[in-house]
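Reader: Please take me through this structure. I would like to know what lies behind each term as it comes up.

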Amino acid sequence: MAEDNAPDGDSASPWDLHEARLMAENARLRRICDALIERVEESNMAPTAPYAAFQHSVVLAEQVRERTQALREANQQLLDEIEERRRVESRLREATEKAERANISKTKFVAAVSHDLMQPLNAARLFTSALQDQPDHNTQFMLSHIDTALLDLESLITTLADASKLDAGVVSAEPGVFPLRRLLDVLAEEYRQMAAAKGLRLRYVPSSAVVRSDPQLLSRVMRNLLSNAVRYTDRGSILLGCRRRGERVEVVVADTGIGIGDDQIGDIFQEFKRGARAVKYHERGLGLGLSIVEKISRILDHPLTVRSRENRGSRFALQLPLARLSAAEARAMEPAADAGRTLAGRRVWVVDNDRAICSGMRTLLEQWGCRVAAAESVQALAEHLDPRRDPADVLLMDYHLDPGGDNGMTVADALNRDRRRAGAEALPVIMLTADRGPYLKQRCARDGHTLIYKPVKPMKLKLALQHTLTRAPSTTGPATKYGAF
């Protein structure tokens, strides 16, 4: 139709031609638009639907952008918080490591100081014990006060060392099976004398029970309980007794002392806690004794109970599991036929790098009738005798010798090797130390040496000597697991 209405080529101007083309294009676009409208109408779509869909898409895109940005910001905040937490954890870890190093350093320091303090204390105890065996009226009074002061000092040092090791977590139980009486008989005799010195009576009810426990840790618990009983009792008596409780045996320490008030029972096992009456009653003490008792009883898994009435006394009870000895263990514990013989004439060699301890040990042993050779080293001992060949009955060896040199265990083993090469008998060894760590105890048990902890108590030393001398030499086979005194 556009072609029919178009002007003739000769008479049409360029503007007419351009107008015609635009009209034709406009008509074509109108037809396309009508077709599109027809298609939309045929699909039942609202006239505004395409725009609404476009608008909705734009809104969704904007929401996605906003939420993406919010998520990105939250993620960055989370990363910042994680980084800050890492920095805090790093500082906390550094502080913890410093605290652990400080704690280990403190433990080592306390152990070193305890050992150094134990040396003069040990020498003093040996001299006073020797003097008390032959007292006179002029020295007895002073000796009794010296001995009391030394006992208090020993208790403070031992308590401090025990508390430090427990705090450091280096104390572990090494349970064994043994007759309970073997431990309690010695404690009863020792504390009976201490009680008698205060005018108190100690009643002891022994038991034939065989128990499973760590003798060393159990001894520490019982010593703390007995020491408190003696310390805080002025008149009356103290009871150390045993009672069967089904598959357990209950060990009781009871006294007629000052007692504990109901309002203080819950605090007595806390560190550095001492009852008001206890502080007034006894000026010395760190308030650690019962805390140590409670911690060790948990390590041993021995339930601990306490009953007390103010001005009437206290009763502490510890429950131990019953056990049975094997036939071999029972034979090993049978007393030797000559167990009761004296130490007179027995040849004892003493090696200790502390001259005062050598002198004190010589004095005490000679009063028991022993023939003593004492020196600060094996080399010094060799100036008076031949360590490789001369006969002797027992070697008392200090574990901590000169710093930087061999320890007593190494020296004793080397001496016995030299004696074997020379055709002489190896000597049974009694190792003296203030080191209560498990390694030395295990080593002595493995090598068959008897172990005695400083400060050396004369009764313990005498029992250890008698026990060692009435059995086969310790170097010929392993010792029983009860060789620590």
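Author: In the protein chain, 74% of the contacts between residues at least 6 apart in sequence join residues at least 24 apart. The model is predicted, so local features need pLDDT of at least 70 and side-chain atom pairs count only at pLDDT 80 or more, while totals for chains, interfaces and linings use all residues. Residues are numbered from 1 along each chain as its sequence is written, and side-chain values use heavy atoms, with hydrogens and water left out.

Reader: What makes two residues a contact?

Author: Their heavy atoms must lie within 4.5 Å. Thr433, for example, touches Tyr399, His400, Leu440, Leu451, Ile452, Tyr453 and Lys454, leaving out residues up to four places away in sequence.

Reader: How many helices and strands are there, and what makes a run of residues one or the other?

Author: The protein chain has 14 helices and 12 strands. Both are DSSP runs numbered from the N terminus: a helix is a run of H or I with at least four residues, a strand a run of E with at least two. Thr433, for instance, belongs to strand E11, residues 429-433.

Reader: Why is Thr433 called buried?

Author: Buried means under 20% relative accessible area, exposed means over 50%, and partly exposed is in between, with a 1.4 Å probe and protein chains only. Thr433 has a relative accessible area of 0%, so it is buried. Of the 485 residues in the protein chain, 39% are buried.

Reader: Why does Met397 count as buried?

Author: Its relative accessible area is 0%, so Met397 is buried. Met397 lies in strand E10, residues 394-398. Met397 and Ala412 are 15 residues apart in sequence, and their C-alpha atoms are 7.2 Å apart.

Reader: Why is Glu190 called buried?

Author: Glu190 has 12% relative accessibility, so it counts as buried. Glu190 lies in helix H5. Beyond its neighbours within four places in sequence, it is in contact with Arg223, Lys457, Met459 and Lys460. Glu190 and Lys457 are 267 residues apart along the chain, with their C-alpha atoms separated by 9.5 Å.

Reader: Where is Lys457, and why is it called buried?

Author: Lys457 sits in the loop between strand E12 (450-453) and H14. Its relative accessible area is 12%, so Lys457 is buried.

Reader: At what angle do H5 and H14 pack?

Author: Helix H5 (residues 180-197) and helix H14 (residues 458-469) pack at about 145°, with their axes 11 Å apart. Axes are lines fitted to C-alpha atoms, for helices over the stretch in contact, and angles run from 0 to 180 degrees between N-to-C directions. Arg182, Val186, Glu189, Glu190 and Gln193 in H5 meet Met459, Lys460, Leu463 and His467 in H14.

Reader: What makes a set of residues a nonpolar core?

Author: The members are buried Ala, Val, Leu, Ile, Met, Phe, Trp, Tyr and Cys residues joined through side-chain atoms within 4.5 Å. The largest such core has 39 residues, and those with the most contacts inside it are Leu180, Leu184, Leu218, Met222, Leu240, Val251 and Leu320. Helix H6 gives the most to this core, with eight residues. Leu240 touches, among others, Leu184, Met222 and Val251.

Reader: Why is Asp301 called exposed?

Author: Asp301 has a relative accessible area of 56%, so it is exposed. It is found in the loop between H8 and strand E6 (304-309). Asp301 also has a positive phi of about 60°, although it is not a glycine. Most residues other than glycine have a negative phi.

Reader: Why does Asn311 count as exposed?

Author: Asn311 is at 55% relative accessibility, so it counts as exposed. Asn311 lies in the loop between E6 and E7, and its phi is near 70°, a positive value in a residue other than glycine.
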